[in-house]
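Open the model in your viewer and keep the selection panel at hand.

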Amino acid sequence: MSTTPLTILMHEADNVAIVANDGGLDAGTVLRSGLTLKDRVPQGHKVALQAIAAGEPVRRYGIPIGYALKDIPAGAWVHERLLQMPEARGLEGLPIATVKPPALPPLEGYTFEGYRNADGSVGTRNILAITQTVQCVAGVTSFAVQRIKAELLPRYPNVDDVVALEHGYGCGVAIDAPDAVVPIRTLRHISQNPNFGGEVMVVSLGCEKLQPERLMPPGSFEIVDQRTPGATPEALDVVCLQDDAHVGFMSMVESIMRQAEQHLQRLDRRRRETVPASELVVGVQCGGSDAFSGVTANPAVGFCTDLLVRAGASVMFSETTEVRDGIDQLTSRATTPEVAQAMIREMAWYDAYLQRGSVDRSANTTPGNKKGGLSNIVEKAMGSIVKSGSAPISNVLAPGEKLKAKGLTYAATPASDFICGTLQLAAGMNLHVFTTGRGTPYGLAAVPVIKVATRTDLARRWHDLMDVNAGTIADGTATIEQVGWELFRLMLDVASGRKKTWAEQWKLHNALVLFNPAPVT
Ligand code: CA
């Protein structure tokens with residue numbers, strides 16, 4: 001890293017820039033512009049480029065991220081305690097589908113090796129998933145899965161893994177509450193994720209509120225083979241632990257193993273085939289963000305998002321509280337008024353959800369975000385939203401819904417890493433991209449997670465956890481375009497199984513966490 005003082009300006013109208021140097025810059029440092037720092041400014045934090053009087057806007061990304069609470073001299077450290085956060089933009093009078101970006105030229109000729117499913121989707125891994133109706137069965141299922149991995153899986157070398165879809169739902173909940181539709185459809189749709197090959201197997205307790213037929217009603221689980229119309233639908237494969245036939249714990253475990261083996265046999269016969277890059281379904285999110293997120297990793301992901309859309313693939317961006325402050329950018333990029341209205345509907349639903357808990361979107365930022373230089377949610381949102389690139393937004397999903405079309409989709413989810421990942425899995429993601437500045441070892445059992453570091457320092461220290469270093473953009477040794485292409489090519493390698501992500505190598509698997517906005521009883 002260069003010892004020359006480096007600052008990064010995001011927009012010509014900005015009156016602050018962030019310090020890029022590892023370890024920050026000391027008071028008295030003279031910037032290239034001739035400005036002398038009045039305070040020590042930590043890496044990723046903001047320096048005032050000019051005097052900002054009390055009440056005046058502090059601008060980053062060309063917009064006010066806050067208003068000065070007192071006079072700030074040029075060269076001073078602009079931290080969150082000096083800023084009054086702006087009110088959230090109202091949801092009335094927004095620009096609706098006003099931006100008509102020129103059509104991006106198609107990107108042709110890119111392929112990967114994937115598992116084509118009977119429903120037309122494509123998997124990037126070949127995994128047996130065991131669905132559970134209720135948390136009560138988690139221990140027994142986990143015991144059975146350990147035995148399946150040890151005793152059965154070695155006989156089916158084309159199957160990558162066996163995954164228990166453990167969760168905290170199913171009983172002790174207001175199952176008829178209107179919002180209970182969210183966790184229930186999430187669980188149903190996760191069972192249908194492309195990486196599970198259409199093999200649905202359920203472990204049920206027996207007495208739970210979420211009965212197997214409520215979780216997987218007819219039509220939601222059969223292997224609908226488009227190549228053999230009229231094929232007879234199969235009955236749902238359920239192992240019920242309270243079944244009278246089970247005498248003793250081992251008989252339950254053996255039932256699960258016996259049923260699992262039938263699915264393993266079918267999954268093992270599958271082979272990868274060359275498919276176009278348009279079969280990628282990529283979920284992007286960030287976690288442990290810092291001020292570099294919106295400068296390096298997220299813009300590189302945004303560039304890659306545009307490449308994916310040009311290749312005809314599906315990309316989802318999410319994290320409602322982290323895009324709420326950029327709602328006008330999103331509604332203006334909607335392809336149709338209906339898409340813009342769907343976005344407004346999701347934001348309004350989320351505003352009301354937060355209000356029920358007596359908070360607003362400002363509850364989002366963490367101590368780590370602030371330490372990394374992000375003063376508030378407005379600044380964080382401006383850096384988060386760039387993951388969506390510049391393509392038109394053609395679709396909106398409510399939490400737990402399944403993807404309906406290719407192109408760029410706004411999948412409304414909480415920003416919580418585990419809940420967002422779980423909902424993107426339900427939407428049908430077959431590859432996950434995760435950017436981080438503070439660092440998180442995040443991973444999922446069901447899909448490969450490519451992690452992108454925002455800073456070279458993090459990529460160096462976490463060299464066996466981070467898959468891509470976007471910090472090279474701040475260092476000046478790579479461009480956003482170069483890192484975007486690197487990520488795109490890595491996606492095709494990872495999707496094909498030619499490369500494993502670090503989270504896969506170490507088997508770092510975070511829990512599935514269902515979003516349950518309904519009451520618990
Ligand atoms: Ca997140």
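Contact here means heavy atoms within 4.5 Å. Helices are DSSP runs of H or I with at least four residues, numbered from the N terminus. This is a predicted model: local features need pLDDT of at least 70, side-chain atom pairs count only at pLDDT 80 or more, and totals for chains, interfaces and linings use all residues. Residues are numbered from 1 along each chain as its sequence is written, and side-chain values use heavy atoms, with hydrogens and water left out.

**Stop 1: helix 2 and helix 10**

Select residues 181-191 for helix 2 and residues 417-427 for helix 10. Show side chains for Thr186, His189 and Ile190 of helix 2; they meet Thr422, Leu423, Leu425 and Ala426 of helix 10. By class, this contact has four nonpolar, three polar and no charged residues. The classes are: nonpolar for Ala, Val, Leu, Ile, Met, Phe, Trp, Tyr, Cys and Pro; charged for Asp, Glu, Lys and Arg; polar for the others, Gly among them.

Now look at the geometry. Two packed helices are described by the angle between their axes and the distance between the axes. Axes are lines fitted to C-alpha atoms, for helices over the stretch in contact, and angles run from 0 to 180 degrees between N-to-C directions. Helix 2 and helix 10 pack at about 60°, with axes 7 Å apart. The pair is therefore oblique (under 35 degrees is roughly parallel, over 145 roughly antiparallel, 65 to 115 roughly perpendicular, the rest oblique). Their crossing is left-handed: the near helix is turned anticlockwise from the far one by less than a right angle; clockwise would be right-handed.

**Stop 2: helix 1 and helix 4**

Select residues 138-152 and 249-268. Helix 1 and helix 4 pack at about 55°, axes 9 Å apart. Their crossing is right-handed. Residues of helix 1 in the contact include Phe143, Arg147 and Ile148; among those of helix 4 are Met250, Val253 and Met257. The count by class is 13 nonpolar, one polar and four charged residues.

**Stop 3: helix 5 and helix 13**

Move to residues 297-310 and 480-495. The angle between helix 5 and helix 13 is about 60°, and the axes lie 8 Å apart. Helix 5 passes helix 13 in a right-handed crossing. Among the contact residues are Phe303 and Leu307 of helix 5, and Trp485 and Phe488 of helix 13. By class, 13 are nonpolar, one is polar and one is charged.

**Stop 4: the domains**

Colour domain 1 (1-84), domain 2 (115-271) and domain 3 (279-506); the bounds come from an automatic or database domain assignment. How many residues of domain 1 are in contact with domain 3? Select 21 in domain 1, against 19 in domain 3. The centres of domain 1 and domain 3, over C-alpha atoms, are 26 Å apart. Together these two domains bury about 1,500 Å², 59% of it on carbon and sulfur atoms (buried area is the accessible area, 1.4 Å probe, that two parts lose on being put together, summed over both). Finish on Tyr61, Ile65 and Glu80: in domain 1 they lose the most area to domain 3, together 31% of what that side buries.

Note on methods:
Helix = DSSP H or I, 4+ residues; strand = E, 2+ residues; numbered from the N terminus.
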